[in-house]
Amino acid sequence: MNATSTTFQFLCIVPGLAFLLLIFTKVFSRRRSSPVDGHGWAVLITGCDSGFGYELARCLDHKGFVVFAGCLFPQGTGAQNLAKQSSHRLKLLKLDVTRDADVRQAKATVQENLPEKGLWAVVNNAGISDWAEIEWNTIEDFRRMVDINLFGCIRTTLAFLPLVRAAKGRVVFVSSIFSFFNCLNMGSYSVSKRGQEAFADCLRVEMASFGVKVSIIQPGNFGQATNIVKMKTVSDIWLKFDEERKQTFSQDYIKLAIEYFVSTCRTGFTNADKVINAMLHAITAPTPRRRYMVVSAKDRVFFQLYPYLPTALTDAVFSLSSMYATRKEMLYVK
């Protein structure tokens with residue numbers, strides 16, 4: 001009896017001791033490790049014409065990294081301003097992530113200009129955003145979204161992965177809370193970002209054997225900070241409709257949807273600092289996180305719980321929205 005009791009107590013204590021040992025090891029290792037020194041390392045960032053990519057390129061340049069800034073329009077105002085605000089280490093690249101030729105040329109340029117330590121990180125930042133109900137989109141709208149936000153990341157990552165693997169470096173993906181938060185008007189965007197995260201998750205598991213760390217950044221409402229959100233008029237949407245859709249979605253409802261979307265964007269962050277800090281941590285921290293959810297403090301609990309809630313409950317959340325109730329009343333009304 002005593003032996004059984006002792007064994008039971010031992011089995012109860014062991015998991016607790018193992019957990020404490022794990023916490024101690026992580027804390028100790030973080031104290032002993034220091035952030036990655038940028039000098040001698042290079043980083044490739046896609047989508048540097050504006051927004052997150054533009055700001056991250058400036059920050060990494062100031063930290064001593066050789067920055068290869070991929071831009072859709074390297075001769076454009078955004079790219080040229082970036083070059084003027086940065087050191088000689090920053091190099092602009094013509095990089096349309098939907099074009100194999102651009103990616104091949106960018107890789108050749110990077111290989112020819114690598115600093116002594118190599119390519120430390122690839123940041124898949126290039127992307128587009130759009131809003132529309134699923135039936136307001138054409139298959140071409142979906143294809144364009146996925147080609148840039150998903151296949152663009154895959155195309156870039158596959159090309160540069162050997163260089164990152166040689167450095168035992170980092171791959172970072174800029175995703176979105178809409179990768180898991182399904183709501184009105186973000187269908188095509190959610191499809192592209194959910195696919196991107198599936199790719200990143202699989203990549204992270206495979207690259208762990210090589211010492212490469214993969215991180216996903218999940219920004220919340222940063223539309224004002226990046227100007228990535230495309231504003232539309234009623235005509236922009238209405239003129240794309242065939243007669244059947246015009247019978248289903250009235251112009252009054254479209255107007256309401258636009259007003260609701262614009263008002264939601266105005267409640268978001270006005271600068272990109274929180275996202276840039278998360279990206280910097282993913283690139284330079286000794287132990288980067290697998291995911292960085294970047295939302296307001298008041299939204300954090302909701303979005304952290306959301307993926308674990310039953311689907312029936314997450315769907316029911318929308319019934320609490322006045323917009324959702326109004327939508328039901330206005331459908332089919334001319």
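Author: Happy to. Helices H10 and H14 are roughly antiparallel to each other, where angles over 145 degrees count as roughly antiparallel, under 35 as roughly parallel, 65 to 115 as roughly perpendicular and the rest as oblique. Before we go on, this is a predicted model, so local features need pLDDT of at least 70 and side-chain atom pairs count only at pLDDT 80 or more, while totals for chains, interfaces and linings use all residues. Residues are numbered from 1 along each chain as its sequence is written, and side-chain values use heavy atoms, with hydrogens and water left out.

Reader: Good to know. At what angle do the axes of H10 and H14 cross?

Author: They cross at roughly 170 degrees and come within 10 Å, with H10 covering residues 251–265 and H14 residues 322–330. The axes are lines fitted to C-alpha atoms, for helices over the stretch in contact, and angles run from 0 to 180 degrees between N-to-C directions. Helices (H or I, at least four residues) and strands (E, at least two) are DSSP runs, numbered from the N terminus.

Reader: Which residues make the contact?

Author: From H10 there are Asp252, Tyr253, Leu256, Ala257 and Tyr260, and from H14 Met323, Thr326, Arg327 and Met330; contact means heavy atoms within 4.5 Å. They divide into 6 nonpolar, 1 polar and 2 charged. In that scheme Ala, Val, Leu, Ile, Met, Phe, Trp, Tyr, Cys and Pro are nonpolar, Asp, Glu, Lys and Arg are charged, and the others, Gly among them, are polar.

Reader: Switching to electrostatics: how many salt bridges are there?

Author: The count comes to 15 salt bridges, each being a side-chain nitrogen of Lys or Arg within 4 Å of a carboxyl oxygen of Asp or Glu. One of them joins Lys232 and Asp130, with the closest N and O atoms 3.1 Å apart. Lys232 sits in the loop between H7 (223–226) and H8 (234–238) and Asp130 in the loop between E4 (118–124) and H5 (139–167), so the pair ties together parts 102 residues apart in sequence.

Reader: Is Lys232 buried or exposed?

Author: Lys232 is buried, with a relative accessible area of 15%, and Asp130 is buried too, at 19%. Buried means under 20% relative accessible area, exposed over 50%, and partly exposed in between (1.4 Å probe, protein chains only).

Reader: What about Arg291, which partner does it meet in a salt bridge?

Author: Arg291 meets Asp201, at 2.8 Å from N to O. Arg291 is in strand E7 (residues 291–294) and Asp201 in helix H6 (residues 187–207), 90 residues apart, linking distant parts of the chain. Salt bridges that share partners join Glu197, Asp201, Arg204 and Arg291 into one network. Arg291 is partly exposed at 33%, and Asp201 is partly exposed at 22%.

Reader: How many residues of E5 are buried?

Author: 5 of its 5 residues, 170–174, are buried. Arg170, Val172 and Val174 point one way, and Val171 and Phe173 the other. E5 is joined to E4 by 4 bridges and to E6 by 5 bridges, in the parallel sense. Val171 has Val122 as a bridge partner and also pairs with Val214 in E6. In E6 (residues 213–219), 6 of 7 residues are buried.

Reader: Last one: what does Leu93 touch?

Author: Leaving aside neighbours within four places in sequence, Leu93 is in contact with residues including Leu44, Phe68, Pro74 and Val110. Leu93 belongs to strand E3 (residues 91–94) and is buried, at 4% relative accessible area.

Terms used. Two strands pair if DSSP finds at least two bridges between them.
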